[in-house]
Amino acid sequence: LRPSFRFPTTSSVASSEIPGAEAIAERSLALLLAFLALAEFEPSEPFLTDFLVSKGLTKDQVSNELFSLWLYFRLPALLAAGLVAEYLGSARMLFIGALFGCIT
């Protein structure tokens with residue numbers, strides 16, 4: 001059995017009757033690449049340990065206590081995000097996640 005759904009290719013979008021479809025596709029790709037560049041650029045993380053040590057914590061406290069708490073709270077936060085995504089819809093949740101990713 002072959003699936004009846006096929007993903008549109010660039011040639012099928014450009015050859016369709018939508019005026020300016022190729023320009024829209026190029027603009028969408030540029031926005032996606034800009035988002036990925038901003039979302040993956042996280043300059044504060046390598047300096048987070050040094051920042052917390054400068055605030056009076058020891059490296060052992062940061063490594064053993066704070067980072068382990070961050071790890072343990074990550075799973076419930078992901079579950080909560082999944083429930084919110086079910087309520088709001090995946091597209092809105094992706095937008096919210098992208099927005100917060102760019103902010104942080």
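Predicted model: local features only at pLDDT ≥ 70, side-chain atom pairs only at ≥ 80, totals over all residues.
**Burial.** Of the 104 residues in the protein chain, 5% are buried. I then looked up the accessible surface, which comes to about 9,400 Å² for the protein chain. Carbon and sulfur atoms account for 68% of that surface.

**Elements.** Next I went through the secondary structure and found 5 helices and 0 strands. Reading along the sequence, I wrote the pattern down as α-α-α-α-α.

**Confidence.** The protein chain has a mean pLDDT of 77, with 78% of its residues at 70 or more. Among the elements, helix α1 (residues 10-14) has the lowest mean pLDDT, 53. The highest, 86, goes to helix α3 (residues 48-54).

**A leucine patch.** I went looking for nonpolar surface and noted a patch of about 370 Å². Leu-29, Leu-32, Leu-33 and Leu-36 make this patch. Is Leu-32 buried or partly exposed? Its relative accessible area is 45%, so I logged Leu-32 as partly exposed, since that class lies between 20% and 50%. I also jotted down a reminder on spacing: an α-helix has 3.6 residues a turn, so residues three or four places apart point the same way.

**The bend in α4.** Last, I followed helix α4 (residues 59-88) and found a bend of about 30° at Arg-74. A proline, Pro-76, follows within four residues of the bend. After α4 comes Gly-89, and I noted its positive phi, near 105°.

Terms used:
Residues numbered from 1 in each chain as written. Heavy atoms only, no water. Patch = residues over 30% accessible without salt bridge, like charges linked within 9 Å, V, L, I, M, F, W, Y side chains within 5 Å. Areas by Shrake-Rupley, 256 points an atom, 1.4 Å probe, with all protein chains shown as cover. Salt bridge = Lys/Arg side-chain N within 4 Å of Asp/Glu carboxyl O. Buried < 20%, exposed > 50% of the residue type's maximum accessible area, 1.4 Å probe, protein only. Helix = DSSP H or I, 4+ residues; strand = E, 2+ residues; numbered from the N terminus. Bend = angle between axes of the 7 residues up to and from the residue. pLDDT = per-residue confidence, 0-100.
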